[in-house]
Structures are given as structure tokens and as C-alpha cells.
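The entries below follow the order in which I consulted them.

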Amino acid sequence: MNSTRAKAIRRDARVRATGEVRYTDDIVVDGMLYGVLVRSPIAAGRIVSIETAAAASSPGVVCVLTAADITDRCFGNYVKDQPILARDQVRFVGDPLAMVAATSQSSARRAAALVEVVLDPLPYVVDLALAADGPRMVCVHAGEDNEVELVTIQRGDPAGAIATAHTTTTTRITTQRAHQAYLEPRAALAIPTGSGLSIIMSTQQPFGVRTAIAELFGLPESSVDVQVPAIGGGFGGKLHLGLAPHAAAMALATGRPVQVVCSREEDMATANPRENSIIELTTAIDADGIIRARRADIILDAGAYATDTPVLASMAAFFATGPYSIDNVDVRARAIYTNTCPTGSFRGPGGTQMVHAVETHLDEVADAIGLDRGELRRRNFIRRGQRGLTGELMVAETSIEECMDIVLQRLDEYRTSSDPTDGRVRGYGFACAWWSTLGTPSAATIEMHDDATITLSTGATEIGSGAVSMGLPLIVADVLGVEPDAISLRSGATNGAPFDSGSRGSRTMFAAGNACVLAAEEIARQLKEEASLLLEVAPADLVLTHGRVEVVGSPTVTLPLSEVAASAKGRSGPLVASARYRAELVPLEGSTLHNVRFRALGEPTFHCHGVEIAIDTETGRIEVCRYIAVHEVGRIVNPVGARGQVEGGVVQGIGYALTEHLETNDRGEIRNPNFVDYRIPTILDVPPVIETVFVESNASPRGPLGAKGLGEPPILLVAPAIGAALRDALGRIPNQLPFDPASVRAIVEGASR
């Protein structure tokens, strides 16, 4: 690891720290109008009438739109079931009914309050279990049931293995909704152009927005431009269209730019949080502690519209076995409609609930057979040459055991060095997981100028991880032998940058990085070809280093890259290269898959976390005292950025485990749509140090410079590790998240009886 890489900091750090950076709601353009949505106050109802005359005549109002005024096309990532504005009925509290565009936001809000809506209430269902299997089913959409998606995976003979097992254990876990808690609420600005639309918005997936907006409004994709200014956090919550359809509809109706910005309350009540779930796992195990079968029944709450849940059901099903070798498997995962706010992606989607459920369940299995929890895992870890749940072959060494051993050693040190003199009960726990690195399509273009400075263009967006702002320039700099400061970055726009699948799925460093490597290697080839003529040596005898071309073995025979670049432009043309990348599909064998949209890890990563907690048995409060996070993600390209990803993910995981719960009441209303009642961790809730260890013994042969993905795994293991520590201290844990004081007190009181 060179010193440049070790000391690299984000190139946008200064403007973010000083407040100079501009977010979507900071942008004002000439003639801009402000949009406000009128939303449903009830969970389900037939639209009787919407009267807009009073709103339309309100001062400053330019237009008021209802579903009758706009396209009847629907949108959705996998199922196109969500209208821009409700047309015949509303399906959740907050479903948009109308929208107002005015010359000021205050004018738009006053007018929105004047829109008169008459709704005929309909039966509704907000309870996930009732929506899935209730005796008197209320259907959120027309149909026989509320099933959005059914995913099944079968392998081997699970029924036979369970019937003949030495021990069978069943665990039922419920998890809560959690908001991504980004600091910048959703916002979009749509600007009409001569042939289409320009959209400025906070999004992790500008090319996905472009495609969806073009489809919705019948426009050529080439006439829709999506630009991404600074993003104030996303964590998966800004992978969706957000407010872009509403801003676009008003811009097309008025012929003027329209900006729509959510209030905090509106964002938390109507965005796409992590879905709540019900998970039941059954494991059959033999007398030697070898897992013989796993059965899983998983139910995910889609809310009123499908959004991401069809693929999230596949991801939940995929992670039902964890990083363990199980020959006989029966997995069923369902996404279910309810009359609640639609859910969506949140860092580690589908996996955060499943890692918690799988690791919690495995601890119960260990207790049932009287086997050490680490030893149970050691006997069942998946190894090279074995096949995973869907039939994916492990072609490389798996490093999960190495990660676990580091954590177990540190937990032993925690135990021996603990000083529980304050009367609180100490607990120590750990959890293991594997995760994927998506290799979905990316492209990059690199230009080297006459002065040897470089412009890197990518459609990838920087969402705070540093993968784009730090990682991609470091990769290009490594290939071309220049300092990262020599590279200018152009990113986050659909016009002027090549395609990217979006900042999601722990993929950006891997997929966009691979495209950057391929483009940089082509620039390197062009440089060496030109330098070979100037120095009269073979291209194979040249190396790029420290901004120069050198002859291998003769460092004094050298030329500056600027001279070579200028010469190349005059002789054969400018130094420009574009490249594309898409990971090869992984062959599968031996499993029966139905509706499985997420089929393979592709480039697996391995992880283990350990924690020491202190429990106040009188109040039920849990304090996280010490924490270690061990990650094997191939080669670490940028240690500063990587460590930041881990620390941030752990803090998010602490919130998910202990305090965060986006609560829906029995009327379908969000009870805590603000950062006072929805409690994210503060500096007082996290340990003084989060020890981060990277295992680099398993570099990826396919990743850029040997790197794999890291963005999502740090959040996955926190809840199960804390749960394991709670079990260590009190003997059992609550079967639902979060582990709030009331649920911990219930355990304490139960143990004392």
C-alpha cells in the first residue's frame, strides 16, 4: 500500500465541511415554481371527488393537477403498480392525490391546503401477518390475495433430513421498519427543454431515473437528462424515483422549471424505508453438530406498492442459509402488500434481517445441542469446492473462519480486561456473514491531456462512501502511474458520462472500478506505443511511474507523460479510451429456483463482528462498550474510506439493533416521522473506538486491483452480535427488533421469576 493511497482523503471533503456544496434544494433557476403534493389522510379509500378551484385561484398558483390531468402510466422497479397520482382509490396514508405548482413554496402549501378531497373509506390491512395469511383477507390491489412475489429455492431432500434429524430447532424472528435517516430529504427539480426534460435530483441511480421518466411520459431516453448534485446521504433510500415523476409532470404541464422538496415529516412518512418482516427458520442437525437441513419461511412487507420488494424477497431467500454448507434446503420468501407506506432498499437490503435471523437461530441451535457457538459455525462453514444454496460453486478459498478467529481472540481479551464495577451485567457476542459484490454494468471514459492531467468520466454517483470521489481516481492513478490529484472527475450525470447501474449493492468500487481499469489500461497501451517510437524500445519494456514513462531496468531513460501525450496527439490522435464492464454470469447446479432474481454472490466477501455490551438490569438499557469488525473484502484500495464505511455501518447497525423503529399505528399512520421520536444513534450511543480489521489474504482475481465490495456488510452483523451478547448475559433474547429497554426488562423479569 503506497503512502498516497494510505493518506487519500475525499476530494469533496472541504466543500462539504464548509457548507459550500450545493444540494438539490439549494438550486434555484429562472422562472422556477415550487411544487407541493396533496396526500391521502386515510389508509384506503375510493376517490369520490377532488375539488381544485379554490386552490387554483389562490395567489401565486400556476397549476393544480390531479390524475385526470396527467399520464395514466404507472411506475415501479419490478412491478409497474404505482401511479404518479392516485386515480380511483388511495392505498396508504400519504398516497399522493393532487399537486400544486406556485411561485413560492409558502403559496404552494397554502393552496394545497385548499384542495378539497372526498374519500369513501375502504377496508384496509396494516398488519403484515394478517395481510399474508389472515382469515378475512383485505386485498390492497385487485386480485385474490396480497402476494406481490413468491420466491422458492429447493435443494436436496429437506423433509427427509428433518424427519431423521438428531435435533430440530425452530426460531421465529420479527423485525421492524427502519428509515434510512439521510440528512437531506428527497428533492427533485425538473426543467423543460426544447425536446424533453432535464432533471436535477438527489438520486443514487440517475440512469434508472432517466429510463423510468422517459417511459412514464413517452419521451425518448436521449431527451431526458438527469444530473446529480451533492447527495446528503442515500443508503438505498434514493434508488427510487422519489419526487421526479411529480416534478416532471408539473414542469411539462406549466412549461416552467418545478422543484419539489419533502419536509422531514413527509419524507419519513412516505418514503421507502427498510421493510418489516416475519422470519421462521427450522434447522435439522445431527449428533456431530453438522447441519443437515434448513427450512425457511420469510414474509416481507411491501407496503402499498411493490417498489423493490420482488428482488428483496429473492435476496432474503438467498441469505437464508448464511455462510454455511447445507445440502438440504427448502426456502420460501413472500413479499406482501399492506395499506402502509411502500418500503424499499436500505443498506444490506433483505440481508440485514436475514443475517440477524440466521445467526440468532444458529445460537439457539448451539444451545439446544450443547455445542460451543464458535465450534458449531466452524463445523459448518462453507468451503472451497462446495456449493451454496442456489448451486453456486465456491471457486476460491473462503476466509470466514479466519475472520471469526480474530474476533473470538479479541472477545477473550475483552472478557479478561473487563472491569464491571458499576453493577451492570456484561455480555459478549459475535456474528458471521457473507455478502455479494454485484457486477452489474458500468462504463468509464478516460482522456489524457497534453499536460498529462486526466479527465475521468463515469455515470457512477458519489453517495458518501468515497468509492467514486476517492476510489475510482486512485484506481486510475495506480494503473497510469500518476498522482490522484492529476485526475479530474466527472460523474453523476446521464449526459456527458457513460452508463452506470447506480450506487448500490456494494458494486461501485468493483464494477465501475473494473471499467476504469480497462479504460486506463488502454490509455497505458497508447502511451507505451507512442513512447516506444520516441525511445526506440519495445512497448513491453516500458513502465508508467511517477508521471513518466521509463525503460524497465534503465530508470534514467525516461520521458514525462506530458511529452508523450502531446506527441501522440500530433502523430495518431488524442489519448482517449472508453471501456465497459459486466461480470460474467455464475453457473448454478443442483437447486430448483422459482422467481429467484438474486441468484449468486458473484464475488463473495466474508465478515465477522464481535461486541461487549453492558446491561442495566433495572432500566433495560444496553450500552455498547467495545466493538470489533473484521472484514475480508479483497485488497483495500483506500484504507481511509474503507474504515469510514465500516464505522458508519456499525453505527447504523447499533441504531437498528437498539433504538430505531419506524412505527405504524393501526390506522396506517407513521407515529414518529421526525428525528426526535425516531431515534438514531448519537455520539453517546456508540463505543469510543470501533476496531476495524481488514483481512487481505483473499484478493479478488476479478476485482480492480484485487478489491471487492464493502459498502453494505458493516451494517449486517451488528444486531445479531448484540443479540448474541444479550443471550450470553441473560440466557435468551427478545424475538423481535429493536432490543429496546422494555423488551430487555421483560427478559430480566422472566429470568428472576
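**Cysteines**

I searched for disulfides and counted zero. The model is a predicted one, and I read every entry here with that in mind.

I then took up Cys341, which is in no disulfide; Cys262 has the nearest cysteine sulfur, 10 Å away.

**Cavities**

How many cavities of 30 Å³ or more are there? I found two.

The largest cavity holds about 50 Å³ of space. I listed its lining as Arg186, Ala187, Met201, Ser202, Gly237, Lys238, His240, Leu241, Gly242 and Leu243. By class, I noted four nonpolar, four polar and two charged residues in this lining.

The second largest cavity has a volume of about 40 Å³. Around it I recorded Ala396, Glu397, Glu603, Pro604, Phe606, Asn698, Arg702 and Lys708. This lining divides into three nonpolar residues, one polar and four charged.

**Second largest pocket**

I turned to the second largest pocket and noted a volume of about 340 Å³. It is lined by 18 residues, and those closest to its centre are Val126, Leu128, Asn276, His661 and Thr664. Which helix and which strand each supply at least two residues of the lining? I found helix H5 (128–133) and strand S10 (167–175). By class, I counted six nonpolar, eight polar and four charged residues in the lining of this pocket.

**A three-stranded sheet**

Lastly I traced an open sheet of three strands, in the order S6-S2-S8, with antiparallel pairing. Strands S6 (89–90) and S8 (116–121) stand at the edges. Each of these two has a single partner strand, so one side of each is left without a neighbour in the sheet.

I followed the pairing of strand S2 (residues 45–51) with S8, which is antiparallel and runs over six bridges. Which residue of S8 is the bridge partner of Glu51? I identified Glu116.

Note on methods:
Residues are numbered from 1 along each chain as its sequence is written. This is a predicted model: local features need pLDDT of at least 70, side-chain atom pairs count only at pLDDT 80 or more; totals for chains, interfaces and linings use all residues. Side-chain values use heavy atoms; hydrogens and water are left out. On a 1 Å grid over the protein atoms alone, a cavity is a set of points where a 1.4 Å probe fits but cannot get out, and a pocket is an open set with protein on both sides within 12 Å along at least five of seven lines; lining residues have an atom within 4 Å of a point. Grid points are joined across faces, edges and corners, and a volume is the space filled by probe spheres set on the points. Helices (H or I, at least four residues) and strands (E, at least two) are DSSP runs, numbered from the N terminus. Ala, Val, Leu, Ile, Met, Phe, Trp, Tyr, Cys and Pro count as nonpolar, Asp, Glu, Lys and Arg as charged, and the others, Gly among them, as polar. Two strands pair if DSSP finds at least two bridges between them. A disulfide is a pair of cysteine sulfur atoms within 2.5 Å.
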